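Let's take a friendly look at the charged side chains here and at how they pair up. Keep the structure open beside you as you read.

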Amino acid sequence: MQKPDFMIDPFKCLVATDLDGTLLDHDTYDWKPAAPAIEVLSKLGVPVVFTTSKTRGEVEFLRKAIGNTDPFIVENGGALIVPDGTFGDGGDEHLLGTSHAKILAFLNDRRAEGFSFVSFTDLGATGIAEETGLGAVEARLANQRSASEPIIWNGDEASKRAFVNLAAKAGLNALQGGRFLTLGGRTDKGRALMEAVSLYQAAGHGIETIVALGDSGNDRALLDVATYPIWIRKDGPTPETGFMNRAQCSVRCGPEGWRDVILDLFNGTKV
């Protein structure tokens, strides 16, 4: 992987990362192969902003295991969570998208019109666990949504395109992730990340470099706003998206690729 032609100043840098298939293994959800790189960033004081389609509860569960204390973005940019004490004051949740109730109403109308899909709400925690391989606790947390709803598309591609167009007319985004098509408001990971950067800057943190890592089409907006976008390799073809003409690509997949890229980028930076 080609390193950037500039020196990364850890005091002016922020790392934003997708989770599933990027920091977490696509099949096992294991993050531990990335632990050495996470430790380096922690010692350098570089914020690591999780930016994901997961819910707040899921991310809080994961952050506790990893030891992450930084702000995080959930539900594909639907909300930005600032933990207590991040900027010397109380925490806050910034809702940036459309309410879950409005999204469910849209889906009910589309189902009545004959579109074929199954939503997380339909599946319930038990069905989510079966579809994703998540444990019972994690599946329950995945179903506690405030600004998005993942669906499993069962129709053909033509009906899917029609569905996506109807969503757009209703003021919703339909983003295809590694497993699910997720409905949310007109926000995205990139817009939510810039909200987070603005909060850092308002608190006196001069963020000049954004390193962003992702592996799916729903990470495009995140990588688009990055100074240094990184595509984490996965099985299958690399998507033909605009950011790919300037993004670097990891050699390995998932958390192993994440670790390699971060250690390479920050190699030689004084801890």
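Arg56 is partly exposed in this predicted model, with a relative accessible area of 33%. Its salt-bridge partner is Glu93, with the N to O distance at 2.6 Å. Glu93 belongs to strand S5 (residues 92-95) and Arg56 to helix H2 (residues 56-66), so this contact ties together parts that lie 37 residues apart in sequence. Glu93 is also partly exposed, at 34% relative accessibility.

How many salt bridges does a search of the whole structure find? The total is 14. Three of these pairs are set out here:

| Pair | Closest N to O distance |
|---|---|
| Lys189 and Asp219 | 2.6 Å |

Now have a look at the pair formed by Lys189 and Asp219. Is Lys189 buried or exposed? Lys189 is buried, with a relative accessible area of 1%, and Asp219 is buried as well, at 0%. Both values fall under the 20% cut-off, which means that each residue counts as buried. The pair links distant parts of the chain: Lys189 sits in helix H7 (residues 189-202), while Asp219 is found in the loop between strand S10 (209-214) and helix H8 (220-224). The two are 30 residues apart. Asp18 joins them too, as Asp18, Lys189 and Asp219 form a network of salt bridges.

Arg252 is partly exposed, with a relative accessible area of 41%, and Asp260 is partly exposed at 29%.

Note on methods
Residues are numbered from 1 along each chain as its sequence is written. This is a predicted model: local features need pLDDT of at least 70, side-chain atom pairs count only at pLDDT 80 or more; totals for chains, interfaces and linings use all residues. Side-chain values use heavy atoms; hydrogens and water are left out. A salt bridge is a side-chain nitrogen of Lys or Arg within 4 Å of a carboxyl oxygen of Asp or Glu. Helices (H or I, at least four residues) and strands (E, at least two) are DSSP runs, numbered from the N terminus. Buried means under 20% relative accessible area, exposed over 50%, partly exposed in between (1.4 Å probe, protein chains only).
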